[in-house]
Each structure stands twice: as structure tokens, then as C-alpha cells.
Amino acid sequence: MNIFKSLLGKVWQDPNAAEVVKIEMGQLYLVRPGNIRSSRECIYNEAIATIRRVPALDHNFQLVITRVYDDGDQELLEDEDETDEERVFLISEELEFRSGVTDDEPTFIWRDLDGDVDELYEFVASGTNEPTRAFFETCMYRAMYERKFKASADSTKDSDLDQFIWRPVTKARGKGGNRKSPKNQQDCGDLPSDTVDDSTVQPRVMPASVTSSMARPSFASSSLPTVASQEGHIFSWNLEVEGFVAEREDVVVAKIVERTPGNFNYWLIVTDEDGDFVSHKISSDMNPRWAQKTSSLTWNYANGGRYDSWALQLTSTEAYDTFKTAFAQCLWETLHGVEFRKAKPDEQAYVISSTTEDVEMRDVEDEGEDEEEVESELDPDEEASEEEEEEEEGDAVSPMPQGERNSQLTIGYKGDRSYVVRGNNIGVFSHSSDDQVKYYATISKISTPKGKEFKPQEVMLHDQDTKMVLKNPLDPYSLFSMDIERGKVVEEWKIHEDITVDHIAPDNKFAQTTREQTLVGASHNALFRVDPRISGNKMVESQYKQYVSKNKFSGVATTASGKLAVASEKGDIRLFDTIGKNAKTALPPLGDPILGIDVTASGRWIVATTKTYLLLIDTLIGEGRYAGNLGFDRSFPANAKPMPRRLQLRSEHVAYMNHDISFSVARFNQGEGQEENAIVTATGQYVIAWDFAKVKKGHLDKYEIKKYEDMVVQDNFKFGDDKQIIVALQNNVLAINKKNLKRPTRNSLAAPMPSLQSLSSIVNSPY
């Protein structure tokens, strides 16, 4: 095999080359030996076979079979709702790859891991000469070698690759294998995921201190199936020391066990010579964060009203990679209720890549002066003095209105107005020239044109801020139009007799600044356009698309050009170029329900909100025939899906905050002609803003924070302003300059706040 050494040196050793080797002509068949009626089905009549590197996953490769179209076929393809352009297979020993000959043509054969046990794929490499066939086969074995040993195959000998040559066995083989062993699944290790700020990440070894949370668990892990087991050191965050303190001086054993086999009930167990002493159920509420620089996992644990922060430091990089992959797979199985191996290879890679942190995003430009401006605004050394903060928040104490509480916030572009929903009333607030928010008026007793009062479930400004579209939870088949000047609902828009309106969005991101009359509606499994100008039902029948699967759509956002990003309770995200067609891109779910979604004006970036983390996605296609396009316009290649990034709070910050994480829907700052440079959200009493410029450079924990005494309901940037944040608390509304957010510390997170005071109060209002 090493007769190809010089050629391998050219194609294999370039890590920037996505494709290693390609066979330009062939046919793909699915072979079913046990099925007489259709034992050999042609999948692609013309196809290309390629060995590709898995993006950002060292020592992992994919066998990709791509369908080839004639010019006429390509035109038909553009009109199809769904296409089957390529099939992707993660290269591993499990494929049982081998070569052969069919009708005097060389062939490559491998197992269909998603099919029955005896089903095979066969690629007939028509016209391929023997040296090319042998070279392709050698590259397959080298890929298997690198995946198995997580090391370069450059110095391998022929004898090192012999172990991957498939030989028939008489023993029957089942589908399952060892499902629990990461080595039998996609154990994509070596993921770059360094956390920053070593002062808090790097554990400090101090005398062991057994806390109340260390009570021995009520069950023993020794008798339970073990998914992964590695040695390491265990630490907990000490609030007084402000660092991680060793809970055991000696090495401990960290295990992942399945407490109730077959039920995807996984637990993280830490054991010492006396037995199990940490037993935490694996879930998203743990807020798990991985740091390759320190080979550690940090997480939170709710312990009798206190939120502890833990750190597990593995003893080696190999142990870290193995344990992280097993943990990610178990968390996925917990959320989905199915085995991880049943996910497609590209979906597995997508899930594993979501644990990668601190990697600079593709094609990020140097912001230069813009970045310096953002840094100066967020720099804690530039924070306003206490006197400045007091001046900003004023001296008038807000009364605490009885009964209903604030529930929603929407911000206008015209007249510097913000609107806050409170029961069946809407408070109107003005933005003053000195960047304050002041109570202006109340729109009382919201009711239908027939006089039936209701509490708006969702609101959206419309038609140059002259109207507000309201969703009535008591009538899900209609929308209601309120004339803002008159402060009265003037129209009911009946959408359809049988289709509910669960979510609404503007025709495009800045439609509220125009006279655009139409808007976008979504039910749990359909997208449609609403046009209030047509007679009868307001749904535009020609722009309606119902999807067969139970999608459970949970949010819609539009770009400046009107393309749509749609999220679901299942956690997947779909990108559409227009209403009425299938999605151009479908990103698989990590498993956590998505609560809401936002997109930048250009469509380049998406932020999706789950309960415990934000998911940031770059929609730019980086390779393949559609490189340079966005996922709204073209489908991502199966082997080059975007790498989702989790924006999370660090576990030690959650320990100071001392409550569970429950994010409000995150938003980019927005304004026509203005580039997005921040992401704002809230949880509990805290407003949180990420520096988007730094996030794009891979620094995922560059966020700042401000605490209030009242719970934050919703927050968003003032329209066209990347500095002023409008904040709706349960009983108050105020504005804060982004520079007054602080770097998360013990003082900024846990210190008692002064009495809530603001000139933005609704003093003496009937609101």
C-alpha cells in the first residue's frame, strides 16, 4: 500500500484540504441479500465517491456519495421540495468496508448501519483503473486508522492497516453492538473547547472539605451498567475563597451510569475508596460546560435551595475526550428517548460539535474601531460611578401596582415609544432625550370589536407603528388589529376556520417601519402569509404550507429580505427562502425545546433561546458547490453543517446568582443600516448582554450583567440604538445604558441592590 507514499503526501497531509480523494464516475446501489424481489436497488445512476475530512473534528473522515445530475435534471431539482443529493457515511471499522468486482467493474462495498443487518451499499466505480481503486481503498483504511487511534496515519506501515481489511466471519452480527461504549459510537474527540479566564477555570487544590451536598447517594452505582469511567479530581466552588476547592485530595473515579437500563436515565457518579459520594442526574439543567485547556467539566447542582458549582478535571486529554463524548451522547439520549447511534452521521457530528467552545467563526472580519468601541462600552473599568447610576435611575420610588404584572415588551421605531402588556392593559412609555423611559399613557381594557375583554398573548407593531397586531388566547383562529392612536381594537382578522395562529412575525425584519400590510403566521405545523386586505379569511392560500411531521413550531424570525428562520419545541431549526416551500436547510435538534429565535438583518447569524443556553449559528455555507451562500438560499452539504455554539452562564456565576437559569428570548440589537454587535437576554433578576464581536471570535463567555430587585420579564435594545436597553420588570419599566452592565463578579451578582428607583415609573397612573 505504501507505493502511494508520495501521492499520499500531497493529498493527505494538507489539513486544509477538505477532500482527500475522489472517484468521478460510478453508480450507487443498495443490496439486500435476503430480499429476492428487489435484491439490488439503484440509488444514484450517476455518482461521485469522495473521502472528506469532518470539519473541526481531527482524525475523522466521511465517505460521501454525491448524485450527479444532467443539466435538465438540475433544473427539475430546483423545483423539487425535497432532494436526495448525497449520502454520507462516517468512516469506521463498523462499516466493514471492502472492495470487489461486479461485471468486470471495480466496486466498493460497506454496511448500511441504518438498515437491516445484512443490507449493504455498493459503489460501482465504472472505468476506474486498478491503481486508482487501490489508492481509494488505502485512503479508507488510513481514515479508519486515524479514527481508531486518534493519531496521524502518515507513519503507518502496510501491516498497521491490515487490521482494517474486512474478513468474513461466521458469527451472526446484530445491529446493537455495545450501545453504551463510546468507541462503538461516534466518539469524535479532540474537539477544541477551551474556556477562558484561567483564574476561575483552573481548580486550586486546597484541603478537602466535605459539604452537605456530599451526602452519599441512596443507590450504589457498582451494580449499574457503566457507560464511561475515567479517573480525575473533583472540586466544588467555594463562595468565600472565590475559587474551586478540592473535595478529595486523592484521585477519584468519575462514571456515567444508566440507573434504569433502557430508560435513558443517566447519572454522573463520582466514587472514592468509600463508595459513591456525588450522584447527579444528567440533564440540561446541569448547565454543563467543557474546557479542553484544563480537561475539565463544570456544572451546577440544585442542592436544597442552593445552587452549587462543581468541576471535574480528567487526568488526560484522551480521558477528557472519551468522557465528553459519552456525556454528550447520554445527554442527547436523555432528551430524545432514543439511542444516539440511530442518529445520522452528520447529525451526530452536529451534536458533538455543539460542545466545542472558543473557536473563531468562519470568515469573521476584524472589526477594528467598531470592536474597540464595543470593548470600551463593556469594559468594567469604564463603568459609570454610583452617582451616575443613581442619576440615571432617579429618586422617585415606584409604587407596586396590585393584581396583574407586566408580561410582554415591544419597542417602536417611531415616536420613541415602548409598549408593555399588563393583563388586559397596555402601558405606553416614551424615551426622553436624556435616555430615560417615562410613563406616557395607558391603553385600558383591551377588548375585541364586540366588546369581549382579553389579555394579549403576543403583540407586534405594524404599519409604521400606527397599528398593533394582537393575539387573543381565547380565539386562536383570529388576529386583532389595534389602532394605537385611538387606543382601541378596530378589526378582527379571521385567519382560517381550522388553522390556529400560534406565532406571528413581520414580513421582513424592518417591515414595521414601512406601509407593508402582510405578515407571517405559524401554527404548530404550518407557515402562511396573512393579508388583512383580502375579503373573508385573511390567510393567503397560495402562500400556505402545512408540513406532515409534528413540528411544534415555537418561533419565527425574518431577515431584512424576508427570509424565515423557524424554530420548534423539538429543538430543530429550519431556514426558508420563502413561504410555501420546504426548508432549504433543516438543522437537527440538540434536544432542548427552543423558546424563541432571532436573526440578523443579513441572515448570516441566528440566535435561538433554550431554557439554559443560547444557540448561535452561522448560516454561511463554507464549502461545496454552494460555498458563500447562506443556508436560507441553499442546503448545507451533509458533511459541512454549521457548528452550533452554546452561549452559557458559567457555573460559578450561577452559584452566586443562586437560582436556576431560565432565559427570556434573546435578541440582537437592530436598526436599518446598523450592524449587530450585541445579544441581550435575561434570567430571573438579571439582564445579560453578550459582546457579539467577541463571541464571533470564539470568546463565548464575554457577557456582562446587571441585577435588579424585581424579576426581569423581557428586555430589548431601543430600535436603532446599540447602547440603550429597555427593561420590563414585573412592576416597572426602565432604560439602562449598556456600559452600566458589569463584569460578573461576586459583588455584581450576589450583593444586595439598593431600592428599585426610576424616573420610568408609572407613578399615579391607572395602568
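Which residue forms a salt bridge with Lys694? That would be Asp691, with the closest N and O atoms 3.2 Å apart. A salt bridge here is a side-chain nitrogen of Lys or Arg within 4 Å of a carboxyl oxygen of Asp or Glu. Asp691 is buried because its relative accessibility is 1%, and Lys694 is buried too, at 14%. The cut-offs behind those words: buried is under 20% relative accessible area, exposed is over 50%, and partly exposed is in between (1.4 Å probe, protein chains only).

Some bookkeeping before going on. This is a predicted model, where local features need pLDDT of at least 70 and side-chain atom pairs count only at pLDDT 80 or more, while totals for chains, interfaces and linings use all residues. Residues are numbered from 1 along each chain as its sequence is written, and side-chain values use heavy atoms, with hydrogens and water left out.

Now for the rest of the bridges. By the salt-bridge rule, the count comes to 31. One of them joins Arg289 to Asp701, whose closest N and O atoms are 4.0 Å apart. That pair links distant parts of the chain, 412 residues apart: Arg289 sits in strand 13 (residues 289-291), and Asp701 in the loop between helix 11 (692-696) and strand 39 (703-707). Helices (H or I, at least four residues) and strands (E, at least two) are DSSP runs, numbered from the N terminus. Arg289 counts as buried because its relative accessibility is 4%; Asp701 is buried with a relative accessible area of 10%.

Next, look at Arg529, which forms a salt bridge with Asp507, the closest N and O atoms being 2.7 Å apart. Here the partners are 22 residues apart, with Arg529 in strand 26 (residues 526-530) and Asp507 in the loop between strand 24 (503-506) and strand 25 (519-522). Arg529 is buried at 12% relative accessibility, and Asp507 is buried at 16%. For a linked group, go to Glu19, Lys22, Arg52 and Glu86, which form a network of salt bridges.

What about charges on the surface? Glu249, Asp250, Glu273 and Asp274 gather there in a patch of negative charge. Patches are made of residues with over 30% relative accessible area and no salt bridge, and like charges are joined within 9 Å. Asp and Glu count as negative, with the charge placed at CG of Asp or CD of Glu. Glu249 lies in the loop between strand 9 (243-246) and strand 10 (252-260). With a relative accessible area of 58%, Glu249 is exposed.

Key. Patch = residues over 30% accessible without salt bridge, like charges linked within 9 Å, V, L, I, M, F, W, Y side chains within 5 Å. Areas by Shrake-Rupley, 256 points an atom, 1.4 Å probe, with all protein chains shown as cover.
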